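I set out to record what I looked up in this structure. My entries follow the order in which I made them.

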Amino acid sequence: MKKSVFNSAKIAFGCVAAIALCSLLGLKYSLSAGLLTVLSIQDTKRETINTAIKRLCAFFCAFTIACICFNSMGYSTLAFGIYLFIFVNICIIMEWKIAIVPVSVLVTHLVSEQSTDIMLIINEFLLFTIGACTGMLINMHLHSNTKKMSQCRKNLDEEIKAVLERMSERIITGDKTDYNGDCFKRIDSLMFEAQKTARENFDNKLMNPQTYDIEYLGMRKKQCSILYEMYRNILKTDTPPEQAGIISDFLKKISLEYHEQNDVKNLIGSLDEIFLRMQSQPMPRTRPEFQNRALLYSFMLLMKDFLLLKYEFICRINSDSAGKKKK
């Protein structure tokens with residue numbers, strides 16, 4: 001509620017400030033600057049600046065087309081319609097759709113004044129500039145929400161730990177009737193919120209933006225895809241082989257040691273030892289035993305991929321950090 005009230009006050013203040021400045025400068029149609037200010041305020045600093053750049057390009061394009069249309073066909077509805085047809089298509093091609101309405105509002109002033117005089121065009125340019133700049137200044141207070149991002153990472157990691165704990169229990173039981181994938185729906189929701197926050201933080205830091213959170217969540221998303229395959233693998237195992245107990249203990253070990261800074265090197269070493277132990281055990285004697293052992297082996301390969309993703313991520317981050325320090 002407080003944030004909503006603050007945003008409303010911010011927009012109202014920016015709108016009034018732009019109108020007051022235009023009135024002080026004696027510009028015509030000063031209310032339009034207030035409208036442009038409102039439309040210029042975006043969710044992030046980067047988005048606000050990118051929007052302003054697109055609209056600036058569209059402004060010059062629109063007024064060039066408008067001057068040609070109005071000077072050749074008069075200030076008629078037909079001329080405005082032809083201008084709009086050409087301008088809208090250019091905006092679609094150039095991905096300037098966000099500029100169509102605000103810039104076209106300024107073009108209507110030419111129709112109202114029945115003129116394309118240079119002073120009138122300068123008037124419109126000043127309205128545009130003051131409105132856009134006021135919107136950018138209003139949004140300069142935005143900053144990275146590190147506290148929210150930290151909580152998002154924590155919530156996501158805790159949910160993944162819980163998945164691993166449940167897997168350690170279910171891999172040694174034959175009955176999977178109450179073992180469903182609802183946890184992955186929660187992970188998807190947490191992942192969406194975390195990635196949204198990471199992107200907003202990145203876009204709100206114009207100087208030296210950090211990509212760590214975006215890369216970290218990308219790594220976790222890949223891990224979650226592997227986790228889902230591990231879950232499907234467990235569902236197929238109707239009679240867990242005796243070796244499943246070893247994997248169950250290892251899954252518990254992963255969940256206990258699961259945290260952001262763990263490079264999982266020791267866990268990978270432990271898993272390799274388990275592979276060696278499995279290879280030295282007697283071959284399965286029956287077809288069902290062979291199938292379940294094969295599923296267990298496939299599960300272990302997925303675990304290896306799961307851990308390698310984290311190990312490679314930590315190595316890459318450490319390498320990048322070392323490179324920056326040398327510079």
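I took contact to mean heavy atoms within 4.5 Å. Helices are DSSP runs of H or I with at least four residues, numbered from the N terminus. I noted that this is a predicted model, in which local features need pLDDT of at least 70 and side-chain atom pairs count only at pLDDT 80 or more, while totals for chains, interfaces and linings use all residues. Residues are numbered from 1 along each chain as its sequence is written, and side-chain values use heavy atoms, leaving out hydrogens and water.

**Entry 1: helix H8**

I looked up H8, which runs over residues 182-203 and has 22 residues. From first C-alpha to last it reaches 32 Å, close to the expected 32 Å (1.5 Å times one less than the number of residues). I then listed its buried residues (under 20% relative accessible area, 1.4 Å probe, protein chains only); among them are Phe184, Ile187, Met191 and Ala194. The buried residues of H8 pack against helices H3 (45-73), H7 (146-170) and H9 (212-236).

**Entry 2: H8 with H9**

I found that the axes of H8 and H9 come within 10 Å and cross at roughly 170 degrees. Axes are lines fitted to C-alpha atoms over the stretch in contact, with angles from 0 to 180 degrees between N-to-C directions. The two helices, H8 and H9, are therefore roughly antiparallel (over 145 degrees). Residues of H8 that meet H9 include Phe184, Gln195 and Phe202, and those of H9 include Asp213, Lys221 and Tyr228.

**Entry 3: H7 with H9**

I recorded an angle of about 20 degrees between H7 and H9, with axes 11 Å apart. H7 and H9 are therefore roughly parallel (under 35 degrees). Among the residues that meet here are Met149, Arg153 and Met167 in H7, and Tyr216, Met230 and Ile234 in H9.

**Entry 4: nonpolar cores**

I took a nonpolar core as a set of buried Ala, Val, Leu, Ile, Met, Phe, Trp, Tyr and Cys residues joined through side-chain atoms within 4.5 Å. Of the 49 residues in the largest core, Met167, Ile247 and Met303 touch the most other members. H7, H8, H9, H10 (244-257), H11 (265-279) and H12 (287-326) each supply at least two residues of this core, and H12 gives the most, with 11 residues. Leaving aside neighbours within four places in sequence, Ile247 is in contact with residues including Ile171, Ile274, Phe299 and Met303. I also noted a second, separate core of 31 residues, which includes Leu36, Ala99, Val103 and Ile121.

Terms used: Buried means under 20% relative accessible area, exposed over 50%, partly exposed in between (1.4 Å probe, protein chains only). Angles under 35 degrees count as roughly parallel, over 145 as roughly antiparallel, 65 to 115 as roughly perpendicular and the rest as oblique.
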